[in-house]
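Me: I have a structure on my screen and would like to talk it through with you. Could we take it one question at a time?

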Amino acid sequence: MVRVRYVDADILIIGGGMAGSGAAWEARYWCRNCRVVIAEKANINRSGAVAMGLSAINTYMGLKCKENTVEDYVKYVRGDLMGIVREDLVYDYARHVDSTVHLFDEWGLPIWPNPQTGCYVREGKWQIMIHGESYKAIVAEAARKAVGEENVFNRVMVTHLLKSPSNPNRVVGAIGFNVNDGTVYVFRAKATIVSAGGGSHVYRPRSQGEGLGRAWYPPWSSASSYGLMIEAGAVMTMMEARFVVPRFKDGYGPVGAYQLLLKTKITNAYGQDFWKPHYEEIKKLYSGKGNYPDLPITPTTLRVYAQRLEWMAGRGPSLMRTEETVKKGTESEAIAYEDFLDMTISQVVIWAGQNHEPAERPYEVITTEPYVMGSHATECGAWASGPDDLAPKKIEGLPDDRGYQYYWGYNRMTTLDGLFCAGDGCGANPHKFSSGSFTEGRLAAKSAVLFIMDHSDEKIEVDKAQVDSIITKLMEPLERYERGKYTVVTGPSYMHPIDPTKMYWKQGLFRLQKIMDEYAGGWSTMYVTNEWMLNRALELLQFLKEDFINYAAAQDWHELMRVWELWHRILTAEAVVRHMLFRKETRWPGYYVRADYPALDDENWHVFVNSRYDAKTGKWELWKVPVIHIIPFP
Amino acid sequence: MPSYVIPAKCTGCGDCVNICPSHIMRFTKSGLFGRKAYNAEPEMCWECYNCVKHCPQGAVQIRGYQDFTPMGGAVEVYRDEKTNRVYWTIRYRNGTIKYFVFPIRTTPWGSIKPPTEYPEPPKELLRTPYLSCEHEQLGGNKLGVELPRYKVPEVVKVEVRG
Ligand SMILES: Cc1cc2nc3c(=O)[nH]c(=O)nc-3n(C[C@H](O)[C@H](O)[C@H](O)COP(=O)(O)OP(=O)(O)OC[C@H]3O[C@@H](n4cnc5c(N)ncnc54)[C@H](O)[C@@H]3O)c2cc1C
Ligand code: SF4
Ligand code: SF4
């Protein structure tokens, strides 16, 4: 028998990572008699992308020290994404991000002070340095205190959103289960915030054995934000902009402190510059209206692309010239090591095993497998309403459908009523990183409070039949396992038993990763794809979807979690492929190249790509939405 | 396997099981010596070291991913919430040892003032762009400047082609 618990909340937060913690804080600040509930798949003290810690805060304006202006920031972010961002959303989180960082400072996060200026030590123009081993633990303390320990549901994975029976456009909560004891939770909420992070393991990771989990983005980033919202029919945006990052080889140690703070060069294998030989070609293909290759900070995607051209010319790999900037036994060595120890310890484990001394030799830098994210140098996620004072209220010449407009009353509300997004889940506003994600959580929560006050006389209805059918679906993989338990005998294998009536999570995951890698611009094809390949990917994904529905099996609660993570990843993958297929140009050549349309095409594609999925029919709809530049462009 | 438990040191307290973000630290079936923790799914381990940091017995260690890490090196950590420092020892395969120590927090654990201890915000400010701690009436202004604004046209006309 399934044990079911109903939980009533004013605001439900799905995922207590950076954005979810920010939402928890702000929701309780504005609404003292609200019950705010966090459903968190792991343990909030160490969950999400910051579970290991971080060594920098990548988004901080420094307004009080007049270090930057918000306008300049929007220009920078817009340039980095080759012209396409929701400037209202970017401006909005950027103008608030400093207060978030000052709160972190007050709470006890060790941010490196700059005694000369009274401000913080800058890593780069927008980044500041922290001793961030306990970053998430500190932020989680604030979230726990804000909502009360009794309202933090650790180890509860949310699998489905709940819709109102009378209004298919209204989200009224979510369903999930405790991954330790299998209790099903039905959360009924007046407002729901999706902050369940980004997606790793949608594409085949570079390491396939024991190191499978060593993706750059953590293996627990299960693309749930997207999977949940796609299935509920929320409009998604920019899913094609899934991206890759240059990182130290195998350990995926970060490059920021080396490049920005220590000013370490990256060269090709022969010590030569990787940018100059390709500048002319890149300029020809990717200048666009924004003249991107000549921006003061070269866009991430173009730098990545130039490096890859070097590798393909046989002059790889890229080498980080640490021997020129790291000196043994000095401050620079402590910085170099802390950068890893705070957020990617594996890199040090590898160096210890390889006897690698950064002060003596350079180290290889490669690009990772692609990730689906909305908070880094990329912008996948839900299409959301902008803020009151920054989003154009109406765009004439376009349909009134929210999927074409920038504003419908509540900041960060998705196209579905009562459903908000934040952090990796919220699209078209990149570069939030940790501080900006927390800030966006705050924005979404404040707006959610306003929403529930405006709708205080609305009764939250949940349909028993709908709930029951979701629970049946949710539990089916367990039952399927029990049903055929004794029919097939196989020995213990690396993967799982072979059984013609079952697909276990790892088998499905490997299938997904192989499709995405080989057809949708993964690392094994050097991130190149074309129309034929993408169509083939869709065909194979359709089989996978059907197999999931008919064969997914789980031996225990833990595997049931893995199975539903897989489902969220599959839906996300389909969105990614459909978006890549729709956008007939190459805008971010470092992230992927559409070989059949290898150039940037501003005439036709200086637009957002939006989509909507209908779970009943399995049909997708995709369309373009113009980019409105609120800050003069170019 | 990325993290592994030394059974003789493990008391079965469950701290590692409780903290692992990947939900892969698990207990063996209780035997003569009680339950022991182990990493049940090493290929979904991120080497985040949380099980290592949170084990009160120092019973969890990491052996680098076999598919790319030569054996014999080690990274050890001791995290102390009283002195608020994290102590690292890096042992190279060739015997080289490096020590590092970094601060982890500047305030005592549990000292954060929750949002509900700030004065209750005036409702009408809900309809302004200010967040908590960004205005004199909202617990002070931690931005250090007046909230930046930008003038945006209310209605934008676009021409739709194709
Ligand atoms: C190695 C690395 C280095 C980085 N370096 C920096 C840096 O130096 N500076 C910086 O500012 N940023 C950095 N970042 C980026 C930053 O960590 C992210 O941008 C930020 O954490 C995103 O916030 P989020 O809340 O959207 O997602 P997360 O913080 O990942 O939170 C998502 C949460 O949702 C939970 N969850 C997932 N699925 C479900 C589900 N189905 N049900 C319930 N809960 C669920 C997860 O457990 C998690 O707690 C780095 C990230 C990584 C991985
Ligand atoms: S935290 Fe340490 S002592 Fe406790 S169960 Fe885990 S390994 Fe054993
Ligand atoms: S290192 Fe991290 S992911 Fe691996 S078992 Fe320990 S806590 Fe879990």
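Predicted model: local features only at pLDDT ≥ 70, side-chain atom pairs only at ≥ 80, totals over all residues.

Me: Is A:Asp499 buried or exposed?

Reply: The cut-off for buried is under 20% relative accessible area. A:Asp499 has 10% relative accessibility, so this residue counts as buried.

Me: Which side chains make polar contacts with the side chain of A:Asp499?

Reply: There are two contacts to look at here. One, of 2.8 Å, joins the side chains of A:Asp499 and A:Lys502. The other, of 2.7 Å, joins the side chain of A:Asp499 to that of A:Thr501.

Me: Let's move to A:Thr367. Where is A:Thr367 found, and which side chain does its own side chain meet in a polar contact?

Reply: A:Thr367 belongs to strand S15 of chain A, residues 363-367. At 2% relative accessibility, this threonine counts as buried. Leaving out residues up to four places away in sequence, A:Thr367 touches several residues, among them A:Arg206, A:Val304 and A:Trp311. Its side chain makes a polar contact, at 2.9 Å, with the side chain of A:Tyr527.

Me: What is the relative accessible area of A:Gly251?

Reply: A:Gly251 is found in the loop between strand S12 (246-248) and helix H6 (256-261) of chain A. Not counting residues up to four places away in sequence, A:Gly251 touches A:Arg214, A:Thr344, A:Ser346, A:Gln347 and A:Ile350. This glycine is buried, and its relative accessible area is 0%.

Me: How far apart are the C-alpha atoms of A:Gly251 and A:Gln347?

Reply: Along the chain, A:Gly251 and A:Gln347 are 96 residues apart. A:Gln347 is one of the buried residues of H10(A).

Me: Why is helix H10 of chain A described as largely enclosed by the rest of the structure?

Reply: Helix H10 runs over residues 345-354 of chain A. Its buried residues include A:Ile345, A:Val348, A:Trp351 and A:Gly353. Just after the helix, A:Asn355 takes a positive phi of about 55 degrees. H10 is largely enclosed because, of its 10 residues, the number buried is nine.

Me: Now for the two chains together. How much area do chain A and chain B bury between them?

Reply: In terms of contacts, 108 residues of chain A meet 95 residues of chain B. In chain A, the residues that lose the most area to chain B are A:Tyr29, A:Arg32 and A:Glu210, together 9% of what that side buries. Carbon and sulfur atoms carry 60% of the buried area, which comes to about 8,900 Å².

Me: How many salt bridges does the rule find across the interface of chain A and chain B?

Reply: One salt bridge to find on your screen joins the side chains of A:Glu133 and B:Lys53, at 2.7 Å from N to O. The interface also has 66 residue pairs in polar contact. For salt bridges between chain A and chain B, the number found is 12.

Me: Which chains surround ligand 3?

Reply: Ligand 3 has 14 residues around it, and the closest include B:Cys20, B:Cys45 and B:Tyr49. That shell divides into 10 nonpolar, three polar and one charged. The site is shared between chains, because the residues that surround ligand 3 come from chains A and B.

Me: And finally, which residues are closest to ligand 2?

Reply: The shell around ligand 2 divides into nine nonpolar, four polar and one charged. It is made up of 14 residues, and the closest are B:Cys10, B:Cys13, B:Gly14, B:Cys16 and B:Cys55.

Definitions and conventions
Residues numbered from 1 in each chain as written. Chains lettered and ligands numbered in written order. Heavy atoms only, no water. Helix = DSSP H or I, 4+ residues; strand = E, 2+ residues; numbered from the N terminus. Buried < 20%, exposed > 50% of the residue type's maximum accessible area, 1.4 Å probe, protein only. Polar contact = N/O pair within 3.5 Å; in protein donor to acceptor, adjacent residues only side chain to side chain. Contact = heavy atoms within 4.5 Å. Near = heavy atom within 4 Å. Nonpolar A, V, L, I, M, F, W, Y, C, P; charged D, E, K, R; others polar. Buried area = accessible area lost by both parts, 1.4 Å probe. Salt bridge = Lys/Arg side-chain N within 4 Å of Asp/Glu carboxyl O.
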